[in-house]
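Let's take a walk through a protein together, one step at a time.

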Amino acid sequence: MDISSKTTAPPPVEVKPGLPRDKAEKAAARGATRPGDRIFLGFSRGSGIALLAIMAAIAVFLTYRTALALADNTGNFLTTFEWDPAGASTGGKPYFGIAVLVFGTVVSSIIALLIAVPVAIGIALFISHYAPRKLAGPIAYVIDLLAAVPSIVYGLWGALVVAPNLTGLYSWLDDYFGWTGVLAYHGGAPRSLMTVGILLAIMILPIITNVSREVFLQVPKMHEEAALALGATRWEVIRMSVLPFGRSGIISASMLGLGRALGETIAVATVLSPSFLINASVLDYGGGTFAQNIASKFNEASEYGQDALIASGLVLFVITLLVNGAARLIIARRKEYSGANA
């Protein structure tokens, strides 16, 4: 019998190197003739569509409830310094705004980044380029373990241990930097935005450290060896080869930590003494954040009050999307972050 007459499977689809991405994907899809390939293709495509549908459903829900809340609000939602959806101070007319919440959320998150990013970069460089292998492993494990600690544990530790012991630090900052007004301390319980920022910095430290460490480990060894061959010191190698290569990765890790800081709820609600006032000093008690305000008032709020809280949640949702979008744009500008050129 002629062997050539037997039925054979179709040859695999070859994609030319210059073929555009969309056409290459279509060609690969046409080549997915095996049942497993078709199942995997459908599962992957369905997962992506489901994710977009969930995001759209969340956006529609938040927008609808926000429209209900803003329809009867007598205050300016963006500039009002009070939160009174029940209208207790305005004769039953709802009067609320998010000015204090925006300020508190942004300021506490910026403080957290200013503290956490330098420390995280230092730890990541130590693990990836300085520490012996026997020491780098345990340190990396401890850093990873910090990311698994529940938020309520951080909150209780911050309220019972961190906050009561910050009075001395705040007094020192007031003595040397109180003239700026931003770091003036007028006494009282240290349950301020600075305390929240310090606690958030500890919480986002593992995220930034882990991502930065992985980015530093992707630096091409040839770059480092070339710098060493030219007589560069270890710090010069890091300054000229490691940090430039990992710049976009550090920024994206910082944005990831910022997203965690923006939405942190329980820890902030445990540490902060909320008030709808904007203080010039970040050391004075008071302030508020979106997540803390929602967590502390949702259970006792009326149906309209819940709509008002959901309206503030929509603003936080938009801010988080903008942060994530900025991180993606930064990564897209420097594609060597992926380590493909290593």
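A residue is called buried when its relative accessible area is under 20%, exposed when that area is over 50%, and partly exposed in between. Keep this rule in mind, because Trp172 has a relative accessible area of 43% and therefore counts as partly exposed. Please remember, too, that what you see is a predicted model.

Now for the overall picture. The protein contains 13 helices and 2 strands. Of its 342 residues, 39% count as buried. Its accessible surface comes to about 19300 Å², and 66% of that belongs to carbon and sulfur atoms. Consider also the contacts with a separation of 6 or more: residues 24 or more positions apart account for 71% of them.

Let's turn to the aromatic rings. A pair of aromatic rings is described by the distance of the centres and the angle of the planes. How many aromatic pairs does the count come to? The count comes to 7 aromatic pairs. One of them joins Tyr170 and Tyr185, with 5.6 Å from centre to centre and 70 degrees between the planes, an edge-to-face arrangement. Tyr170 lies in helix 6 (residues 167-177), while Tyr185 sits in the loop between helix 6 and helix 7 (193-217), so this pair ties together parts that are 15 residues apart in sequence. Are these two buried or exposed? Tyr170 is buried, because its relative accessibility is 0%. Tyr185 is buried as well, because its value is 10% and the limit is under 20%.

Tyr176 has a relative accessibility of 52%, so Tyr176 counts as exposed. Elsewhere, ring pairs link Phe77, Trp83, Phe96, Phe276 and Tyr304 into a cluster.

A search of the whole structure finds 2 cavities of 30 Å³ or more. The largest cavity has a volume of about 50 Å³. Its lining includes Phe103, Leu193, Leu277 and Asp284. By class, the lining of the largest cavity divides into 5 nonpolar, 4 polar and 1 charged residues.

The second largest cavity has a volume of about 40 Å³. Among the residues that line the second largest cavity are Thr105, Ser108, Val196, Leu200, Ala261 and Leu262. Which elements give two or more residues to this lining? They are helix 3 (99-130), helix 7 and helix 10 (247-263). By class, the lining of the second largest cavity has 6 nonpolar, 3 polar and 1 charged residues.

Our last stop is Ile123, which is found in helix 3. Leaving aside residues up to four places away in sequence, Ile123 touches Ile143, Leu205 and Thr209.

Note on methods. Residues numbered from 1 in each chain as written. Predicted model: local features only at pLDDT ≥ 70, side-chain atom pairs only at ≥ 80, totals over all residues. Heavy atoms only, no water. Phe/Tyr/Trp six-rings, centres within 6.5 Å; stacked < 30°, edge-to-face > 60°. Helix = DSSP H or I, 4+ residues; strand = E, 2+ residues; numbered from the N terminus. Buried < 20%, exposed > 50% of the residue type's maximum accessible area, 1.4 Å probe, protein only. 1 Å grid on protein atoms, 1.4 Å probe; cavity = no way out; pocket = protein on both sides within 12 Å on 5 of 7 lines; lining within 4 Å. Points joined across faces, edges and corners; volume = space filled by probe spheres on them. Nonpolar A, V, L, I, M, F, W, Y, C, P; charged D, E, K, R; others polar. Contact = heavy atoms within 4.5 Å. Areas by Shrake-Rupley, 256 points an atom, 1.4 Å probe, with all protein chains shown as cover.
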